[in-house]
Amino acid sequence: MKALFISYNQAITERIDAFLDNEGIRGYTLFPLTYGRGSHTGEPHMGDHTWPAMNSTVIAMVEDSKIDRAMHVLREIDAETQLQGMRAFVWNVEEQL
């Protein structure tokens, strides 16, 4: 089992929702308002008058067999929406309840 962490500009919420549905990733936790700044480029997303954009973040537990395809699709979405900003990470899950 893997933990898939996706932080993205709220402007692409519909794309991320469709991704989760299309890839059969049903169980997840949504953090609807998260702040952030890209590590290399892009504007901060702070939800204030200077940097009004906001992020949302999803964390989902995903079967190992689905991770490669999921990351491939996320890379495609990121390439199509580069100015919006998205980051995705995969972590090993040691145990779950």
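Author: In this predicted model, a pocket is an open set of grid points with protein on both sides within 12 Å along at least five of seven lines, and about 530 Å³ of space lies in the largest pocket.

Reader: Which residues are closest to the centre of the largest pocket, and which strand gives the most to its lining?

Author: Of the 25 residues that line the largest pocket, Gly38, His45, Gln84, Gly85 and Met86 are the closest to its centre, while strand E1 gives the most to the lining, with 4 residues.

Reader: What makes Tyr35 count as exposed or buried?

Author: Tyr35 has a relative accessible area of 58%, and exposed means over 50%, so Tyr35 is called exposed.

Reader: Why is the pair of Glu23 and Arg69 called a salt bridge?

Author: The term asks for a side-chain nitrogen of Lys or Arg within 4 Å of a carboxyl oxygen of Asp or Glu, and the closest N and O atoms of Glu23 and Arg69 are 3.0 Å apart, so the pair qualifies. Glu23 lies in the loop between H1 and E2 and Arg69 in helix H2, so the pair ties together parts that are 46 residues apart in sequence.

Reader: How do you know whether Glu23 is buried or exposed?

Author: Buried means under 20% relative accessible area, and Glu23 has 13% relative accessibility, so Glu23 counts as buried.

Note on methods:
Residues are numbered from 1 along each chain as its sequence is written. This is a predicted model: local features need pLDDT of at least 70, side-chain atom pairs count only at pLDDT 80 or more; totals for chains, interfaces and linings use all residues. Side-chain values use heavy atoms; hydrogens and water are left out. On a 1 Å grid over the protein atoms alone, a cavity is a set of points where a 1.4 Å probe fits but cannot get out, and a pocket is an open set with protein on both sides within 12 Å along at least five of seven lines; lining residues have an atom within 4 Å of a point. Grid points are joined across faces, edges and corners, and a volume is the space filled by probe spheres set on the points. Helices (H or I, at least four residues) and strands (E, at least two) are DSSP runs, numbered from the N terminus. Buried means under 20% relative accessible area, exposed over 50%, partly exposed in between (1.4 Å probe, protein chains only).
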